[in-house]
Amino acid sequence: MKFKANASEIAPSAVLRYGTWLGYLENMDLPFTPENYKITQVADDRWSVTDLAGKQVYLGIGPVELVAA
């Protein structure tokens, strides 16, 4: 019998922290460890976070921070 994992049931391994226009912090749970993501500043106030496969998981205001969950 095969089981398919539901992404909502997997505990996060990393947390992406980023600011909002209103000045407070948001947290985004990510499934892989922080070492599996790349942070790039794409403009003065814009940041991109991609996984090792190149899939963009965040594009928005920054700076951003990746921490272990």
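1. In this note, a residue is called buried when its relative accessible area is under 20%, exposed when it is over 50%, and partly exposed in between (1.4 Å probe, protein chains only). By that criterion, tyrosine 18 and tyrosine 58 are both buried. The model is a predicted one, in which local features need pLDDT of at least 70 and side-chain atom pairs count only at pLDDT 80 or more, while totals for chains, interfaces and linings use all residues. Residues are numbered from 1 along each chain as its sequence is written, and side-chain values use heavy atoms, with hydrogens and water left out.

2. Overall composition. The chain contains six strands and zero helices, and its order from the N terminus is β-β-β-β-β-β. Both kinds of element are DSSP runs numbered from the N terminus (helices: H or I, at least four residues; strands: E, at least two). Of the 69 residues, 28% count as buried. The accessible surface is about 5,200 Å², and carbon and sulfur atoms hold 55% of that area; the areas come from the Shrake-Rupley method with a 1.4 Å probe, and for residues only the protein chains shown count as cover.

3. Contacts along the sequence. A contact here means heavy atoms within 4.5 Å. Among contacts in the chain with a separation of 6 or more, 36% are made by residues 24 or more positions apart.

4. Aromatic pairs. Rings of Phe, Tyr and Trp (its six-membered ring) pair if their centres lie within 6.5 Å; planes under 30 degrees apart are stacked, over 60 edge-to-face, and the rest tilted. This rule gives two aromatic pairs. Tyrosine 18 and tyrosine 58 form a tilted pair, with 4.6 Å between centres and 35° between planes. Because tyrosine 18 belongs to strand β1 (residues 14-19) and tyrosine 58 to strand β5 (residues 56-61), this pair ties together parts 40 residues apart in sequence. Phenylalanine 32 and tyrosine 37 form a tilted pair as well, at 6.3 Å centre to centre and 40° between the planes. Phenylalanine 32 is partly exposed at 45% relative accessibility, whereas tyrosine 37 is buried at 9%.

5. The core. A nonpolar core is a set of buried Ala, Val, Leu, Ile, Met, Phe, Trp, Tyr and Cys residues joined through side-chain atoms within 4.5 Å. The largest such core has 11 residues, including Tyr18, Tyr37, Trp47 and Tyr58. Elements contributing two or more residues are β1, β4, β5 and β6 (64-68), and β1 gives the most, with three. In soluble globular proteins, nonpolar side chains tend to be buried together.

6. The β3-β4 hairpin. Strands count as paired if DSSP finds at least two bridges between them. Strand β3 (residues 37-41) pairs with β4 in the antiparallel sense over five bridges, and a hairpin of four residues joins the two. Tryptophan 47 in β4 is the bridge partner of glutamine 41.

7. Serine 48. This residue lies in strand β4 (residues 46-51) and is buried at 7% relative accessibility. Its side chain makes a polar contact of 3.0 Å with the side chain of glutamine 56. A polar contact is a pair of N or O atoms within 3.5 Å; within protein, one must be able to donate a hydrogen and the other to accept it, and residues adjacent in sequence count only if both atoms are side-chain atoms.

8. Proline 63. A cis peptide bond joins glycine 62 and proline 63, with omega about 10°. Proline 63 lies in the loop between β5 and β6. Beyond four places in sequence, tyrosine 18 has Pro63 among its contacts, which also include Tyr24, Met28 and Ile61.
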